[in-house]
Amino acid sequence: MWTRSTSAVWPMVALLGLTVAVGPAAAQGKQPIRIGEINSYSGVATVFTFPYKEGLAMATKEINDAGGVLGRPLEFIHRDDKLKPDEAVKAARELVLQEKVDFLAGCITSAVGLAISAYAKDAKVLYFATHCQTSRLTWDEGHRYVAHTTNNVNQYVRVVARKAASFPYKKWAHISPDYEYGQNLWEEFWAFLKHLRPDVQVVQQNWPKLGESDHSSYITALLQSGAEAFFSGLWGAQEIAFVKQARPFGLVEKLHYFTPAIGTPDELDPLGKEAPIGAITTTFPWYDEGVLARHPKLPEWNRKYTEWAKAHGVKDPQPKLGASWGYASAYIMAEAIKRARSTDPDKVIGVLSEGFEMEFPWGRVIMRGCDQQAIPPQWGGVVKMNKEGKPIVADIEEFHGKDIIKSCDEVAQLRAAAAAKKK
Amino acid sequence: MELITSLFPWITNGPLIAVQVMSGLSVGMFLFLISVGMSLIFGVTRIVNLAHGSFYMVSAYFMVTLIEVMPERALSFWIALLLAPVGVAILGGVIEVTLLRRIYRRDPMMQLILTFGLILVIGTLVLLVWGPDNKSVPRPDALAGSVRIFGQPFPSYYLLVLGLSPLVAVGLWLVFYRTRWGMLVRAATVDREMLGALGVNVSRLYTQVFVFGSWLAGLGGALAAPTVAVALGMDADVLINAFVVVVIGGLGSFAGSLISALLVGELQSFGILIFPAVSIVLLFAIMAVVLIVRPWGLLGRPEE
């Protein structure tokens, strides 16, 4: 018994010694700035969060190699939210109370983002929402302890609405998943299209449940609706299923298809030759010659990210929107802390509420002061086949969010209305 | 009459109704294939196999890999369609022998925890093996297009589903009502102790039933693969639908599964036309009504 227990103890002692030896060296001798990052790292959302996490890690490495922030290295401590708001809040509490992190960050689903934001407001911890998209984060439910480092729904859905308004279609239908995000998308799209073209009308609506696997009945209903065009708030696996099921019905040949989500390689690549040619969508056009010419630093970033992703075992190492978001998020957080010359949340909030601008390989990102909301460039285009027979988004038109997004006055109205509702 | 046509303008549109009926049928047939295996496993082993959706998902991923590795395009889909469910049946067998066999006599809560744990384990393994990216299985070339039904386009691939599912239903009926093995399985659903006392190897019978049920889940997943995105999360979506169908039809009843699957498919198909705004709750509303009127399901037996 004696020998058995000692033989088990020695490797443990060795391991302990190793962590003690490695610990200070990894921290480069200085106390790191620690950010608790909560996101969905298991299950369905990993298709988005894995590239995002690599973008974040690559930026963190770059920042730390260049001397860190305020002379201190930046460190992210990741937690899995399992897509559940209560898990996310539990993780946030643990990160703040036990890990003593300086800031919170993360989110992929809107519900998680809003839950962490509510916790941050109570705990008076600054929270950088990253990957989730709901505009309620910084608008209806906005407060000083939340900043949003990426797009919100309003900006990219308005790109699609702008495109839609340039066509002569009057009769519209839509198919959107029946939950917060799907409703938000459709309402924002329709309000803006109606504003741009008052003569449009809705002839038919479809609200499948989130994750519905069979859309045949909705497809036949759309075909019979008499609409000239339709909007889709579907995304990810559900939209792939919808497109595959719609194809034999010839739906996208009969009704012009407008959808913010299909332009991502996560949807176009698996669809392959079944992709909906002619659909109007948004994308991150890292491969587009016009975009590369306009943004001369983008090719270098593409190369660096692809190498990074390959080195870290990412199965699909091509640059993705999520990767660019993770990358930008880390730099925006670092910039806010740098400008505040402190990790004190009130000082960082002071910087954020004044707003600042940053140049990224894909263009300028504005952190707007009035709502602490990021306003990046946007791209719209048409799904086409390239020479190799692979579907891509072509005829890219570049917008900047600042020309599309709701103004600070409109945001103030939204916040006032939300506050009145609560009373 | 005018009121009806103004409320439901589609009611005079014969071709539309025909196509909605057909698409409702194909939805129902998919539901039947998935739920009948779950119902069968419950009927015999009294285990609600929450991992049934995971077997369906694994089969779809098997399709992706099998089609990728096979060089011949024209035949690869059909070979994969044969092999993928067999792979899942083997997986089911291994799980039954190593895990489930130990918990048949335990508290039902323990069984739920184990099969729920399997969902998480299988989901994580799929993420590790195939990665997080969405996958897609192309339809076989012969069934990629559509046929005309009353002048309306209808996907020809669904004809395969509409043809194959009744064959499975008839096959099941023949196996369970015309073979000795089927008779033993039916006897096991009624009284397993008595069956064991009569010298039947009940343990082996359970394994066989579980393998067969897993094969059915695999067949559902393999057939559905070309019509959906093969992605993480497809297990949960299908599990809920299968579970609702099984509950409506009556746990353990094959005919119940068939009737309830077709009922759900058609009601969903027409519910979209009649109440588009509430189509999301329709499925659960039907289940609630059935549970109130007949808590044991349409063709189930009340527990004694």
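**Exercise 1.** What covers the buried residues of H8(A)?

*Solution.* This is a predicted model, in which local features need pLDDT of at least 70, side-chain atom pairs count only at pLDDT 80 or more, and totals for chains, interfaces and linings use all residues. Residues are numbered from 1 along each chain as its sequence is written, while chains are lettered from A and ligands numbered from 1 in the order in which they are written. Begin with burial: eleven of the eleven residues of H8(A) are buried, where buried requires 20 or more other C-beta atoms, placed from the backbone, within 10 Å of the residue's own. Then turn to the cover, which includes H7, strand E8 (229-232), helix H9 (251-254) and H10 of chain A, together with helix H10 (234-249) of chain B; helices (H or I, at least four residues) and strands (E, at least two) are DSSP runs numbered from the N terminus.

**Exercise 2.** State which helix gives the largest share of the side of chain A that touches chain B.

*Solution.* The contact takes 37 residues from chain A and 43 residues from chain B, with contact meaning C-beta atoms, placed from the backbone, within 7 Å. On the side of chain A, the largest share, six residues, comes from H8(A).

**Exercise 3.** Describe how H5(A) and H6(A) cross.

*Solution.* The axes of H5 (residues 153-165) and H6 (residues 180-196) of chain A, which are lines fitted to C-alpha atoms over the stretch in contact, come within 9 Å and cross at roughly 45°. That angle makes H5(A) oblique to H6(A), because angles under 35 degrees count as roughly parallel, over 145 as roughly antiparallel, 65 to 115 as roughly perpendicular and the rest as oblique.

Technical notes. Axes fitted to C-alpha atoms, helices over the stretch in contact; angles between N-to-C directions. Contact = placed C-beta atoms within 7 Å. Buried ≥ 20, exposed ≤ 12 C-beta atoms within 10 Å, placed from the backbone.
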